[in-house]
Amino acid sequence: MTYSIIGSGAIGSAIARHFASAGIPVAVANTRGPDSLRDFADRFGGAVKPTELASALEADIVILAIPHDAVKGVLAKSSGWKGRIIIDATNAIDPATFGPADLGGEPSSFIVAKLAPGSKLVKGFNHILAKILTRDPDDGRGYGKRTLFISGDVPDAKQVVSELMQKFGFAVIDLGTLSEGGLLQQYGAPLTGHSLVTQELKGSSFADMDVVVH
Ligand SMILES: NC(=O)c1ccc[n+]([C@@H]2O[C@H](COP(=O)([O-])OP(=O)(O)OC[C@H]3O[C@@H](n4cnc5c(N)ncnc54)[C@H](OP(=O)(O)O)[C@@H]3O)[C@@H](O)[C@H]2O)c1
């Protein structure tokens, strides 16, 4: 399984950090080419490989961590998707208001999926701030794991993405299809900006339960 992240900004960095922590190799590309990513890669050790965009677009799993408006141009550079997985971390934002872009009620990931025919698209990594996403999913105080949401129309792709997120240490909630869960987790939707942590049960019975909410 090969992985790539398109975008080395706030969200691309946060996701790269989890690949590095899990020891899973990942290619990273941006607009400026691999030479611009040397310092970026050095921060994460050997797991993160600066790559040309064209090469990054051929990975088995491609994570989009770029502005939503840039997706069309980037995906058009792929030679074809043929069942490969895209993880759409983009948020469709109206730059004038910083509110959600008017998509006429269409899930933002539908727009992305239509631009990559044959792909298996999973929405994920988009609903919390990069500075939260980058943290260790388990804060070490025994409270639990940070939760990521996923949604998508292809169950086996969601399973693969869920397993990846769990390798990073996150808890994962599958919100359903893009028209169900996508509309809950995309920018401006009810779950945007809500950062959930699982509640670990420390004792063996409800009487022993020591649940901390934070
Ligand atoms: N920041 C957050 O807290 C947050 C949270 C959730 C979701 N998101 C979403 O994640 C996406 C990225 O946000 P960000 O905050 O990480 O943005 P950012 O810090 O501005 O980084 C954007 C990255 O995308 C790259 N890029 C832009 N156009 C590209 C193109 N045509 N081809 C290849 N790479 C391109 C840029 O390359 P260069 O470095 O070469 O300019 C840069 O590395 C957005 O859709 C945003 O809405 C952000």
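## Overall build

The protein has eight helices and eight strands. The model is a predicted one. Its C-alpha trace spans about 60 × 45 × 35 Å along the principal axes.

How does the radius of gyration fit a compact globule? For 214 residues, such a globule would have a value near 17 Å. The protein has 17 Å, so the two agree. Of the 214 residues, 40% are buried. Now take the contacts between residues at least 6 apart in sequence. Of these, 66% join residues at least 24 apart.

Strand β6 covers residues 120-123. In a regular strand, side chains alternate between the two faces of the sheet. In β6, K120 and V122 point one way. L121 and K123 point the other way. Are these four residues buried or exposed? All are buried.

Which strands pair with β6? One is β5, residues 85-88, which runs parallel to β6 and is joined to it by four bridges. Here I86 stands opposite L121. Another is β7, residues 147-152, which pairs with β6 in the antiparallel sense over two bridges. Here V122 stands opposite G152.

Helix α5 spans residues 108-114. Together, β5, α5 and β6 make a β-α-β unit. The unit is right-handed.

Helix α8 spans residues 178-185. Its buried residues are L178, G181, G182, L183 and Q185. An α-helix has 3.6 residues a turn, so residues three or four places apart point the same way. What covers the buried residues of α8? The cover includes α5, β6 and β7.

## Two residues compared

V161 sits in helix α7, residues 155-168. Why does V161 count as buried? It has 26 other C-beta atoms within 10 Å, and 20 or more make a residue buried. V161 touches I85, I87, V122, G124 and I150, leaving aside residues up to four places away in sequence. V122 is a residue of β6. R84 lies 77 residues from V161 along the chain, and their C-alpha atoms are separated by 12 Å.

A54 sits in helix α3, residues 53-56. Is A54 buried or exposed? A54 is exposed, because it has 11 C-beta neighbours inside 10 Å and the limit for exposed is 12 or fewer. A54 and V74 are 20 residues apart along the chain. Their C-alpha atoms are separated by 9.1 Å.

## Around the ligand

There are 25 residues around the ligand. Which of them come nearest? They are G7, G9, N30, T90 and N91. Two elements give two or more residues to this shell: α1 (10-22) and α4 (71-75). The largest share comes from α1, with three residues.

What kinds of residue make up the shell? It divides into 13 nonpolar, eleven polar and one charged.

Technical notes:
Residues are numbered from 1 along each chain as its sequence is written. This is a predicted model: local features need pLDDT of at least 70, side-chain atom pairs count only at pLDDT 80 or more; totals for chains, interfaces and linings use all residues. Two residues are in contact if their C-beta atoms, placed from the backbone, lie within 7 Å. The radius of gyration is taken over C-alpha atoms; the globule rule is 2.2 Å times the number of residues to the power 0.38. A residue is near a molecule or strand if its C-beta atom, placed from the backbone, lies within 6 Å of it. Ala, Val, Leu, Ile, Met, Phe, Trp, Tyr, Cys and Pro count as nonpolar, Asp, Glu, Lys and Arg as charged, and the others, Gly among them, as polar. Two strands pair if DSSP finds at least two bridges between them. A crossover is right-handed if, with the strands pointing away from the viewer, the path from the first strand over the helix to the second runs clockwise.
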